[in-house]
Amino acid sequence: MSDTVEPVVLVVDDTETNVDILLELLGDEYDVRVAMDGLSAMEQIAHQAPDLVLLDIMMPGMSGIEVLEKLKNDLHLRHIPVIMISAVDEMKTVVHCIEHGAEDYLQKPFEPVLLRARIRASLEKKRFHDAEQDYLRTIMETQEILNDDLKEAAEYVRSLLPEPLSGSVAARWRFIPSTHLGGDAFGYYWLDDEHFVIFLLDVCGHGVGAALLSISIMNVIRSGSLPGTDFTDPSAVLDALNKRFQMDTQHDKYFTAWYGVYHSKTGLLTYGNAGHPPPVLFNGPSEKEALVHKLRAPGQPIGWELESVYENDSCQCDDFARLYVFSDGVYEIKKPAGAMLTYYEFVQLLGVPAGHPRGIDEIVSSVCALQGSEHFVDDFSLLEINFSEKSD
């Protein structure tokens, strides 16, 4: 409603007698303003929108119907309730006006009790409409602020991810955040001159809570902040993480994780798994002769049970060894027909049985093409690690 204490009612009627009657009936309760024709009414409304319009149908120049149509076709004015003023023989026209957005109608001569009741009902409806619009505006403004905060948080997560790596171990990655802030985090680094660490984790759920927990876990791993833990031993790392991040102390959040350590002198890749999708290793004396290995290892997601047991497994990397580590967001996508892509179908997409593994960019393009979109409902995290040489 308007900023004035009394609701503003605009009377639009070219008959002075009708105007005088309405002023007398309504003047004590409302701020009544007058326009003697349609054009003057539109000028007043453009200057200051009233809370309600009492609009005569038959007027010279711009008729009441034309004024109504202009109001209801204007996005900024269509919410103003309009009560048509009519004579009994104009009922068909009144019906037309109601169908085109008029709130109500009043017959001449005016019945005071009915007049006030119709006006109060229309103003009350407008009050609820205005309150709803204020509420929606507040929600939209809050949502915009939240979206900005989430974008900033997503950028912060991205800033913590490692740079591409070249050398005896080459590493690249693709991270495509979902429309919601997610809980994926990953990293790789040389623990010392001989041991290269690779990890990827996925916190359940989305939102700020999942992202904050994933960042906390990533920082714990990168900084080695698990006292008494041998970070060259994947099962020991997963066990220490499980003891530190039980879900009953993390707002019921748990996470899956894969942690591997590559020993450059021997070419041995040792790894442990905590409920995570098994990475895929293409391994052989050459790219053409490479076989596919799914790097499985037993272990429940971290946080489920304090007494969970994690075990190591290992694989000897040959002259050609290319490893793909990924979150379930890379393959849990809907194909155009509606079916979900499975883990095994994704493994086929990686290059089986075509004879050679695909590059990371080709994989991303293929997954996007399969789902018909570049947007993902879950975080897309994919690491490509090449173990090209063994040190002397």
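Student: Are F245 and F255 buried or exposed?

Tutor: Good place to begin, and keep in mind that this is a predicted model. A residue counts as buried when its relative accessible area is under 20%. By that rule, F245 and F255 are both buried.

Student: What kind of aromatic pair do F245 and F255 form?

Tutor: Happy to look at that with you! A pair of aromatic rings is described by the distance of the centres and the angle of the planes. For F245 and F255 the centres are 6.1 Å apart and the planes make an angle of 80 degrees. Planes over 60 degrees apart have their own label, so the pair of F245 and F255 is edge-to-face.

Student: How many aromatic pairs does the structure hold, and which residues do ring pairs link into a cluster?

Tutor: The total is 16 aromatic pairs. Ring pairs also build a cluster, and its members are F326, Y331, Y343, Y344 and F346.

Student: Which side chain makes a polar contact with the side chain of H263?

Tutor: Find H263 in strand β9. Leaving out residues up to four places away in sequence, H263 touches E194, H195 and L268. The polar contact between side chains has a distance of 2.8 Å, and the partner of H263 is E194.

Student: Is S264 buried or exposed?

Tutor: S264 is in the loop between β9 and β10 (268-274). Its relative accessibility is 5%, and the cut-off for buried is under 20%, so S264 is buried.

Student: What is the bridge partner of L281 in β12?

Tutor: Start with the two strands: β11 (residues 280-284) and β12 (residues 291-294) run antiparallel and are joined by four bridges. They form a hairpin, with six residues between them. Within this pairing, the partner of L281 is H293.

Student: Which residues does a cis peptide bond join?

Tutor: Most residues other than glycine have a negative phi, and most peptide bonds are trans. Here is a cis bond, with omega at about -5 degrees. One of its residues, P109, is in the loop between β5 (104-107) and α5 (112-159). The bond joins K108 and P109.

Student: What is the phi of H251, and what is the phi of D252?

Tutor: Both H251 and D252 are found in the loop between α7 and β9. H251 is exposed at 76% relative accessible area, and D252 is exposed at 55%. Neither is a glycine, yet phi is positive: about 55 degrees for H251 and about 65 degrees for D252.

Student: What radius of gyration does the protein chain have?

Tutor: Let's finish with the whole chain, which has nine helices and 15 strands. Its C-alpha atoms fill a box of roughly 105 × 45 × 30 Å along the principal axes. A compact globule of 392 residues would come out near 21 Å, but the radius of gyration of this chain is 35 Å.

How values were computed. Residues are numbered from 1 along each chain as its sequence is written. This is a predicted model: local features need pLDDT of at least 70, side-chain atom pairs count only at pLDDT 80 or more; totals for chains, interfaces and linings use all residues. Side-chain values use heavy atoms; hydrogens and water are left out. Rings of Phe, Tyr and Trp (its six-membered ring) pair if their centres lie within 6.5 Å; planes under 30 degrees apart count as stacked, over 60 as edge-to-face and the rest as tilted. Buried means under 20% relative accessible area, exposed over 50%, partly exposed in between (1.4 Å probe, protein chains only). A polar contact is a pair of N or O atoms within 3.5 Å; within protein, one must be able to donate a hydrogen and the other to accept it, and residues adjacent in sequence count only if both atoms are side-chain atoms. Contact means heavy atoms within 4.5 Å. Two strands pair if DSSP finds at least two bridges between them. The radius of gyration is taken over C-alpha atoms; the globule rule is 2.2 Å times the number of residues to the power 0.38.
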